[in-house]
Amino acid sequence: MTDQASPIAATREFARFTAGLRYALLPATVKEHLTIFLLDYLRVASLGQRMPWSAWATNLGRELGGNGQSTVMFSSDRSDPERATFINTTYSGSIDADDVHVGSMLHPGCIVISAALAVGEARGLSGERILAAIAAGYENMIRIGLSIQPSHFRRGFQSTATCGGFGAGTAAASLMFNGKDRAERIAETIGLVASFSGGLTQFYHSGSTVKRIHAAHAAGEGVHAALLAAAGFSGPADILEGKDGFARAYADGHDFGKGLAGIGETWRLLETAIKPHATSARVLAAIETTADLCHENQLTIADIKSIRVGIPKIIQGRLTVNEPKDVQAAQMSLPFCMAMVLARGKDLPSGFTINIDDFDTALADAAVMDISKRIACELDPDAERVSTEQSVGAKVTLTLQSGKTVEKFIEAPKGSASRPFTMEDHLSRFRAEMLRRFAPAQVDALQDEVCNFDRAANPDRLMQLLASRT
């Protein structure tokens, strides 16, 4: 990696890829994943909309106003595309249950889909146009993140916040600009986005609720950048690679050759994981392994003398805090998530899901914190070996009161690219959440609209169903 200006014209390359992308050009597996991403996005947004900070975002949007072009999901509210994007991304990107690309360390769906739906609705564009914009947004956001990781993370940046605007800006600009200068306008939008980019990880240490809106702020700024470009403003079309550009400012090294490799042919969005639990993707394997050991050996916490989990180096530190201060920190704590599983042991139902509400309950339970304090996180060569840009494994070792030791190693958790949920799984999870809001007939109609969104002349019907404007 290099810390000098890149010889690759990365900004324009990403813009050219976006400008040339059409839905008809997408491989069938990419089209199927776009449907999966949309199903999961709506499921998670429905969960997240119930959170107190989502009410803060909704109320702020009402106070600021807007011209009513785009739907605020699960309500009769409308706002302008930027504010609607911010609010809908708060719903979908604030509870750490949304999709994730492990290697780039970011969450594309909550940002890219929120922006594409808001702008697509405001412009009356077809499902095909919106889905192509989503594909481009995922690819650019992930690939830019990969170009600057892991030093970007080590310097204290949260890449969903810093790179999220590139995903939203890509999606919005691809929908807003046409004609022979389309690629240049997209590049100028990316140039504008970079000047608004930010997102620090001090919350890992000090708490706060800022991470709940990191994705939302990035998404809103991405749409804002496209609107600024449409109004006549421009950003540097070499902002990513320039000598005083984004990569040099935000990372100790960068490699846009890696980020651009195979673009348009190899689809990095296929590496995106869908989470079974509302926590960090790098914690999921430890949760699954712990649950399996308890079920397979019929264990309760009373049976266990000591607990050890083998981890890769990238987890050590920010994700291994034994005594988290608040819900956000608990969601990012591998020991605490394991403790939540161990507290129920063999009684935990198969196929369980840890939702954000469960963390509130667990933090109020002194027994769970006591278990968390007992868990030793140790670097493990096997966990290091299987740690990839797609998933992170874990090895859990339990020493029992009887003196017996039981151990299990999972290379990749359920929901990762190598162990994906089935389409039936996605539909079941989507329906279970939507039935908490809507009558069965409306859920049927909503599912049909999502699964056939490529045939929609515009997103009006989808947004009407989500807003109950039937």
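Phe-37, Leu-38 and Tyr-41 in helix 2 meet a set of residues in helix 5: Gly-109, Cys-110, Ile-113, Ser-114 and Leu-117. The model is a predicted one.

How do the two helices cross? Helix 2 covers residues 28-48 and helix 5 covers residues 108-123; their axes come within 10 Å and cross at roughly 95°. Angles of 65 to 115 degrees count as roughly perpendicular, so helix 2 is roughly perpendicular to helix 5.

## A second crossing

Helix 16 (residues 334-344) and helix 17 (residues 356-363) also cross, at roughly 85°. Their axes come within 11 Å. These two helices are therefore roughly perpendicular to each other.

Which residues make the contact? Helix 16 brings Phe-336, Cys-337 and Met-340. Helix 17 brings Asp-358, Phe-359, Ala-362 and Leu-363. Sorted by class, the contact has 6 nonpolar residues, no polar ones and 1 charged one.

Four strands form an open sheet in the order 4-3-5-6, and the pairing is mixed. Strand 4 and strand 6 (405-410) stand at the edges. Each has a single partner strand, so one side of each is left without a neighbour in the sheet. From one strand to the next, the twist averages 20°.

Look at strand 3 (residues 304-311). Strand 3 runs antiparallel to strand 5 (residues 394-400), and 6 bridges join the two. Strand 3 runs parallel to strand 4 (residues 375-379), with 5 bridges between them. Gly-310 shows both pairings. It stands opposite Lys-395 in strand 5, and opposite Glu-378 in strand 4. Another pair links Arg-308 to Ala-376, its bridge partner in strand 4.

## Nonpolar cores

In soluble globular proteins, nonpolar side chains tend to be buried together. Here, the largest nonpolar core has 98 residues. Which of its residues touch the most other members? They are Leu-42 and Leu-240. Helix 6 (residues 127-148) gives the largest share of this core, 13 residues.

Now follow Leu-42. Beyond its neighbours within four places in sequence, Leu-42 is in contact with Met-73, Phe-74, Phe-430, Met-434, Val-450, Leu-462 and Leu-466. A second, separate core has 56 residues. Among its members are Val-102, Ala-285, Leu-293 and Leu-319.

Arg-185 sits in helix 9 (residues 182-196). Arg-185 and Gly-235 lie 50 residues apart in sequence, yet their C-alpha atoms are 9.3 Å apart in space. Leaving out neighbours within four places in sequence, Arg-185 is in contact with Phe-177, Ala-229 and Ala-230.

Leu-227 belongs to helix 11 (residues 214-231). Is Leu-227 buried, partly exposed or exposed? Its relative accessible area is 31%, so Leu-227 is partly exposed. Along the chain, Leu-227 and Ala-172 are 55 residues apart, but 8.4 Å separates their C-alpha atoms. Leu-227 also touches Glu-82 and Met-176, when residues up to four places away in sequence are not counted.

## Backbone details in the loops

Where is the cis peptide bond that involves Pro-150? The bond runs from Gln-149 to Pro-150, with omega near 5°. Pro-150 is found in the loop between helix 6 and helix 7 (151-154).

Buried means under 20% relative accessible area; Asp-96 has 3%, so it counts as buried. With 39% relative accessibility, Ser-208 counts as partly exposed.

Methods: Residues numbered from 1 in each chain as written. Predicted model: local features only at pLDDT ≥ 70, side-chain atom pairs only at ≥ 80, totals over all residues. Heavy atoms only, no water. Pairing = 2+ DSSP bridges. Contact = heavy atoms within 4.5 Å. Axes fitted to C-alpha atoms, helices over the stretch in contact; angles between N-to-C directions. Parallel < 35°, antiparallel > 145°, perpendicular 65-115°, else oblique. Core = buried A, V, L, I, M, F, W, Y, C linked by side-chain atoms within 4.5 Å. Buried < 20%, exposed > 50% of the residue type's maximum accessible area, 1.4 Å probe, protein only. Nonpolar A, V, L, I, M, F, W, Y, C, P; charged D, E, K, R; others polar.
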